[in-house]
Amino acid sequence: MKNFLVRDALIPSLAATTKEGAIRELVGALQAAGYFRANEVDHVVNEIMRREGLGSTGIGRGVAIPHSRYEGLPRLIGTLGLSRNGIPFDSIDSQDVRMVFLLVSRPDQPGPHLHALETIVRVSESDEFINRLMACTTRDQIWELIESTPDPWNRE
Amino acid sequence: MENGQPDAENSPLRATVVIRNPKGLHMRAALAVARVAGRFQSAVTIRKQDRAVNGKSGLMLMTLAALPGTELELEVTGDDAAAALPVLAEALAAPSADSLGSLVN
């Protein structure tokens, strides 16, 4: 995950209480970290919301992976926001979402996006990982956990 | 099976399918394939090299990270396997998640 999550854009406690609010907050954090221009934020948020309209990316267990493709990036980037109160997300198990992994990938690079999805699905299945992640209260703590968690597909 | 004789109806049926979606088996495509698989009673296993997952789980299908051009082995076991195999092969080989609509509904 350390290969695609942007450390400076991690949010240990999302202020947003809605799906669109959380997505806007996370895209804003990527923008603040230098990955988008301020005038690109609306477009990226709208593209991610358009994708949500095709079917929620809330995969259950309190995890969602909102995502979109965007031309103007050097590589796949992502960030992670934690919600203390939970966010309604129309998830497949109807649970509110507490961990939002947001991904923006290059249209011509499906591989990194698929590997990121694989990694997030796999770590989400670990109760230990989820408990340790939700215990993080600072960006540094989240990053430490991410750095110490190997990408499953890298082991092959 | 109870008398130890092989049961023809429960022999697995297999097909090799190549991913043709240029985005690979991404989230929406994986969830759609799992939904199609869930319409059948048969057990559905999908293999990529030495890894096998339950084809009725969209999340497990996502862990295959199947890129365009990946060869997957589809294995269907159960009473409706003969009906399920071609439908699932078509779903897995669909060029886009949008073209799965008629199979899903």
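Q: Before we start, what counts as a contact here?
A: Contact means heavy atoms within 4.5 Å.

Q: OK. What does A:Pro12 touch, leaving out residues up to four places away in sequence?
A: A:Pro12 touches A:Leu82, A:Arg84, A:Thr137, A:Thr138, A:Arg139 and A:Ile142. This is a predicted model: local features need pLDDT of at least 70, side-chain atom pairs count only at pLDDT 80 or more, and totals for chains, interfaces and linings use all residues. Residues are numbered from 1 along each chain as its sequence is written, chains are lettered from A in the order in which they are written, and side-chain values use heavy atoms, with hydrogens and water left out.

Q: Is A:Pro12 buried or exposed?
A: A:Pro12 counts as buried because its relative accessibility is 18%. Buried means under 20% relative accessible area, exposed over 50%, partly exposed in between (1.4 Å probe, protein chains only).

Q: Where is A:Pro12 relative to helix H1 of chain A?
A: A:Pro12 is in the segment before that helix, H1 (19–32). Helices (H or I, at least four residues) and strands (E, at least two) are DSSP runs, numbered from the N terminus.

Q: Switching to chain B. What is the strand order in the open sheet?
A: E1-E4-E2-E3, with antiparallel pairing. Two strands pair if DSSP finds at least two bridges between them.

Q: Which strands stand at the edges?
A: E1 (13–18) and E3 (51–54) of chain B. Each has a single partner strand, so one side of each is left without a neighbour in the sheet.

Q: How many bridges join E2 to E4 in chain B?
A: Five, between residues 43–48 and residues 71–77. One bridge partner in E4(B) is B:Val76, which goes with B:Val44.

Q: Now the interface. How many residues of chain A are in contact with chain B?
A: 17 residues of chain A are in contact with 16 residues of chain B.

Q: What area is buried between them?
A: About 1,500 Å², of which carbon and sulfur atoms give 71%. Buried area is the accessible area (1.4 Å probe) that two parts lose on being put together, summed over both.

Q: How many salt bridges cross the interface of chain A and chain B?
A: The rule finds one. The side chains of B:Arg51 and A:Glu118 meet in a salt bridge at 3.5 Å, N to O. The rule is a side-chain nitrogen of Lys or Arg within 4 Å of a carboxyl oxygen of Asp or Glu.
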